[in-house]
2 protein chains.
Amino acid sequence: MSTAGYPKFLQKLIDVLSDLPTIGPKSAERMALFIIKSTRQKAKEFADSIVQARENIRRCGTCFYLSEQELCEVCRNRDIRDKVICVVEYPQDVIAIERTGRHKGLYHVLWGRLSPLEGTGPEDLPLKKLVQRIKDESIQEIIIATSSSREGETTAVYLNQLLASLGIKITRIARGIPIGINIGYIDQATISEAIIGRREVSA
Amino acid sequence: MSTAGYPKFLQKLIDVLSDLPTIGPKSAERMALFIIKSTRQKAKEFADSIVQARENIRRCGTCFYLSEQELCEVCRNRDIRDKVICVVEYPQDVIAIERTGRHKGLYHVLWGRLSPLEGTGPEDLPLKKLVQRIKDESIQEIIIATSSSREGETTAVYLNQLLASLGIKITRIARGIPIGINIGYIDQATISEAIIGRREVSA
């Protein structure tokens, strides 16, 4: 006697959900059971939102951020934005920076970072387009906002070398102690950077 | 100047994914970006699997486990299964028990458990159907496999009282120390149960 499993269509859904990032088999099981217990309309809405997102979202033709049009929301407002390009690794970074309201310029999304281990070289990142934009859009400053991982640092160093000859201001976002975190929990390298980057306290 | 957000269809997908159990906003973001980066065929397959699972999976008319037919895989094989019903809270429990191969009988899925706090009373669980099955299917034993939480125990006690008059063997799955777990990490109540339920070691 063979043991019973999940019905075919349910197992298929569990398998598909398990392929998503951050989803383990137990989460996939719970999600799938939630879906089959939800209303038909809810399930349909879920399915439609997947297809619609996949069909309608593309990369912006200028900065490679996400968009439903040829140009993204930021690039469509290029005229009222500062002539400063913030270079980030992933689209999530754009959202995180936009939420601060501290950068009122443009973006350039690399969709990755230099990583010899993962086989990602300069030719895999949209760097030619970045150089072209700096020239075409009369950019005044490049803010390098790649991550503070080893790969992010490698990418920052490479970008700095690549862009040095263009005679443009190049900055790197500061490293330091995150707000609300006790120094005792922070690694040595970050503390060192925080001390090196210390600023005078205004009276 | 308003700050840029995600394109509408992407935000919609993130919102829908966030509604799933175990999924926080950051996971939903990563999943949504994974979906829009996948091939059209993959995205279509994902959407289809949601609709197909929702449209085709129902509860078994006898035991309330999941099925694509009127009767589930277990109940369709009723004739070659033992006349023993294992009562569980959720469909996942059926799969977990089937995987052991230790129970070759039938199931009864409550889709919940008695919980005064959550407002789940006996009338919310398919208990009449269970009593009817015991009579109709000449069942020899009921194994109560509700969870060892307070609600699971309450449900087990209630079931025992409900079925006592039917003159049928009623058992409760054993509680004890899970395999591979150091006793030092186990709560007192479980250790007590494990001592009470100790068995003589065969020579």
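Start by selecting Ala32(B), which sits in helix H2 of chain B. This is a predicted model, so keep that in mind at every stop. Is Ala32(B) buried or exposed? It counts as buried, because 27 C-beta neighbours lie inside 10 Å, where 20 or more are needed. Now show what Ala32(B) touches, leaving out residues up to four places away in sequence: Leu10(B), Leu13(B), Ile14(B) and Leu17(B), along with Ala53(A) from the other chain. For a sense of scale, draw a distance from the C-alpha of Ala32(B) to that of Cys75(B). The two residues are 43 apart along the chain, and the separation is 39 Å.

**The two chains together**

Next, display both chains. Chain A superposes on chain B by a rotation of 180 degrees, with 0.0 Å of shift along the axis and an RMSD of 0.0 Å. The two copies are therefore related as by a two-fold rotation axis. To find that axis from chain A, select Ala47(A): its C-alpha is the nearest one in the chain, 2.1 Å from the axis. Then colour the interface residues. Of those in chain A, 98% are also interface residues in chain B, so the copies meet through the same surface.

**Chain A by domain**

Stay with chain A and colour residues 8–56 as domain 1 and residues 59–172 as domain 2. The C-alpha centres of these two domains are 33 Å apart.

**The sheet**

Now pick out strands E4, E3, E5 and E6 of chain A. In that order they form an open sheet of four strands with parallel pairing. Which strands are at the edges? They are E4 and E6 (169–172) of chain A, each pairing on one side only. From one strand to the next, the twist averages 25 degrees. Zoom in on E5 (141–144) and E6 of chain A, which pair in the parallel sense over four bridges.

**Helix H5**

Move to helix H5 of chain A, residues 91–100, and show its buried residues: Pro91(A), Val94(A), Ile97(A) and Glu98(A). Why do they fall on the same side of H5(A)? They cover an arc of only 120 degrees around the axis, which puts them there. Turn to the other side of H5(A) and you will find Ala96(A), Arg99(A) and Thr100(A) exposed. What covers the buried residues includes three strands of chain A, namely E2 (66–67), E3 (84–88) and E4 (106–109), and also helix H2 (25–37) of chain B. That chain B helix is the one holding Ala32(B), where the tour began. Just past the end of H5(A), select Gly101(A), which takes a positive phi of about 70 degrees.

**Two backbone stops**

Most residues other than glycine have a negative phi, so the last two selections deserve a look. Thr22(A) is not a glycine, yet its phi is positive, at about 70 degrees. Look for Thr22(A) in the loop between helix H1 (8–18) and helix H2 (25–37) of chain A. Thr22(A) is partly exposed, with 15 other C-beta atoms within 10 Å.

Finish at Trp111(A), in the loop between E4 and helix H6 (127–136) of chain A. Trp111(A) also has a positive phi without being a glycine, here of about 55 degrees. With 16 other C-beta atoms within 10 Å, Trp111(A) is partly exposed.

Methods: Residues numbered from 1 in each chain as written. Chains lettered and ligands numbered in written order. Predicted model: local features only at pLDDT ≥ 70, side-chain atom pairs only at ≥ 80, totals over all residues. Buried ≥ 20, exposed ≤ 12 C-beta atoms within 10 Å, placed from the backbone. Helix = DSSP H or I, 4+ residues; strand = E, 2+ residues; numbered from the N terminus. Arc of directions from axis to C-beta. Contact = placed C-beta atoms within 7 Å. Pairing = 2+ DSSP bridges. Axes fitted to C-alpha atoms, helices over the stretch in contact; angles between N-to-C directions. Domains from an automatic or database assignment. Least-squares fit on C-alpha atoms with pLDDT ≥ 70 in both.
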